[in-house]
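Hello,

Here is the structure I promised to pass on to you. Could you have a look at it alongside my notes below?

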Amino acid sequence: MASLNGRTFETTQDICRKWRAPTKSNLNFMRYLRGSLIFSRNTTSVEIENEGNIMEVEYTKDGSVDRSGRSATKRYTGGLVSGILILFNQGLATLAFFGVGVNLVLFLTRVLQQSNAEAANNVSKWTGTVYLFSLVGAFLSDSYWGRYKTCTIFQIIFVAGLVLLSLTSSMLLITPAGCGDHFTPCRTPSTLGEALFYLSIYLIALGNGGYQPTIATFGADQFDGEDSRERHSKKAFFSYFYLALNLGSLFSNTILVYFEDMGMWNMGFWVSSSSALLALVLFLAGTKRYRHFKPSGNPLPRVAQVLVAAVRKWEVAAPTNGEDLYELDGKESIIGSKKILHSDQYRFLDKAATITEADGHFHSAKHPDPWHLCTVTQVEEVKSVLRLLPIWLCTIMYSVAFTQMASLFVEQGDKMSTGTHFRIPAASMSAFDIISVAFHILLYRRVLTPLFSRENYRGLSELVRMGIGLALAALAMIAAGLVEWCRLTRVPQSTSIFWQVPQYCIVGASEVFMYVGQLEFFSRQAPAGLKSFGSALCMASISFGNYMSSILVAVVAKITGGRNRPGWIAEELDDGRLDRFFFLVAAMVTADLVLYVVLARRYKYMEVEEEREEDEEEMLGRVRAS
């Protein structure tokens, strides 16, 4: 059943008889019909007869559209082609970002002449700001711009920041030329040079931060989650997305970091700028193929409506049966997405969907006034966010441990023996983290997932994987503390930097379980109108983790230092006790893990209408196959 120019036809043959279609080619004929037919959300394919040839046009089932706003076809939009373009884009953009970020702590100490503690704090604040801007990008993406436009605009800002950094460094900061290595000090930076430097790196923070959560969700949009063939690709995309992110940083953490450590900062920054520009060009090259979801409007009024309606009916008793609450007819919610099934948590919010006699006075032509009566789906949107927040808060402590890899791990390695004939830059040791990430992603996808799928068709749940990530983070901090203890008890400069390999490898393993699990978890559990917000929560946990790390470093330095005491994080690390700081972080992560386990066991997954039936069908299919 389809409609053409307002008239309804039972079959496409009827359409062909009633209307003279173009006959140049099947492709043109299909495009003609795509522009003319108005399909319902449940239309998945149409058979078209043209000059004796039968061709099938298959459409996505999840409501995605092409760039013209028409139902997206599976053959000409999305899928592997779009997904691969986005993975390459992510790899190149990450190369550009880490070309600046991985050595930033050394640039601050050598070129801008900051102390170790000040530089570590500035890196933590900058990194935190990067991920804080992810909330800005997610809000604009979900509410107004859509994911494609958001990604494009923030990538342009990202490129502009990198170009400004390259120009500022080459013209104002790297003087004399080649300074900033281990031997040649730089001149004191001018006020203008320092101001432009901070402007450029925070433009980079804005561009990369606003783009990161949106591109992850946009990449997942290219796979139809309601199609059995594409559903597994959608789930696997997050693993390969994180793999692309790490492989992209491999070049930065090995080749670029080496040249920057040797004082070739200008070359490193210009390579980063070129990589970001190429990433933008590749992203724009896939414009015609991308699948899109229309922005659902500002979610803040929808949340406020639930709270206001619930307060207004505070004394009203909500029905115990969710079926007695108010909901729209049909399969779609008020924003055009699937309806969310009622849950028993936060029952006080059900008052907003409770129908009273007074609600009859607020009815409009179609729907009641949402400030007085909300739908079940609208209430469940708020509930889902409330359920996510405790889990999200527990992930912040993980990021406190993770951020040490970009700051104190580098400063620790800079004090260790790095070889005589070929100097190994301390920041390049993060290459072992990247190798570990790649290995453990492949191990998880190829070994652990099939193994655990025998017991549970979904494999290890996202919450279990995130718990494993927390445990591994605590272990990584213990390993770092033991290495530092050994370094301090021996002749410090004689301890090989390769003693750091275990701590980097354990961090890499923890990332696969924590960050990939986070991406999948928040993307799956965030409501349809807040998908980018779900990805932004992952970035925001890193942001707050960096801010918390900065505060922790400052507090520890103040408490343990002063009165002629060097403190744990001393200006000269050989005089301090950095091992105790690592052990402190390990203890804090362990305490956080205990709280996380309690909260994770109580968590109830959000269920969308029809999703339960799809899961049961998939599980029965696996049982029959086995």
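To start with the salt bridges: I counted one wherever a side-chain nitrogen of Lys or Arg lies within 4 Å of a carboxyl oxygen of Asp or Glu. Please keep in mind that this is a predicted model, where local features need pLDDT of at least 70 and side-chain atom pairs count only at pLDDT 80 or more, while totals for chains, interfaces and linings use all residues. Residues are numbered from 1 along each chain as its sequence is written, and side-chain values use heavy atoms, with hydrogens and water left out.

The salt-bridge rule gives a count of 15. One of them pairs Arg147 with Asp221 at 2.5 Å, N to O. Arg147 sits in helix α6 and Asp221 in helix α7 (residues 191-221), so this pair ties together parts that are 74 residues apart in sequence. Helices here are DSSP runs (H or I, at least four residues), numbered from the N terminus. Arg147 is buried at 8% relative accessible area, and Asp221 is buried at 6%; buried means under 20%, exposed over 50%, and partly exposed in between (1.4 Å probe, protein chains only).

Arg302 and Glu381 also meet in a salt bridge, at 3.2 Å, N to O. Since Arg302 belongs to helix α10 (residues 299-312) and Glu381 to helix α11 (residues 376-402), the pair ties together parts 79 residues apart in sequence. Both Arg302 and Glu381 are buried. Glu520 and Arg465 form another salt bridge, their closest N and O atoms 3.1 Å apart, and both residues are buried. Elsewhere, salt bridges with shared partners join Arg347, Asp350, Glu380 and Lys383 into one network.

Now the cysteines. With a disulfide taken as a pair of cysteine sulfur atoms within 2.5 Å, the count is one. Cys179 and Cys186 form it, with their sulfur atoms 2.0 Å apart. The link of Cys179 and Cys186 is right-handed, with 95° about the S-S bond. Cys179 is buried at 0% relative accessible area, and Cys186 is buried at 6%.

Finally, a word on confidence. pLDDT is the predictor's confidence in each residue, from 0 to 100. The protein chain averages 80, and 83% of the residues score at least 70. Over residues 1-43 the pLDDT is below 50, and this stretch has 69 contacts (heavy atoms within 4.5 Å) beyond near neighbours in sequence. Residues 619-626 are also below 50, with four such contacts.

Best wishes

How values were computed. Helices (H or I, at least four residues) and strands (E, at least two) are DSSP runs, numbered from the N terminus.
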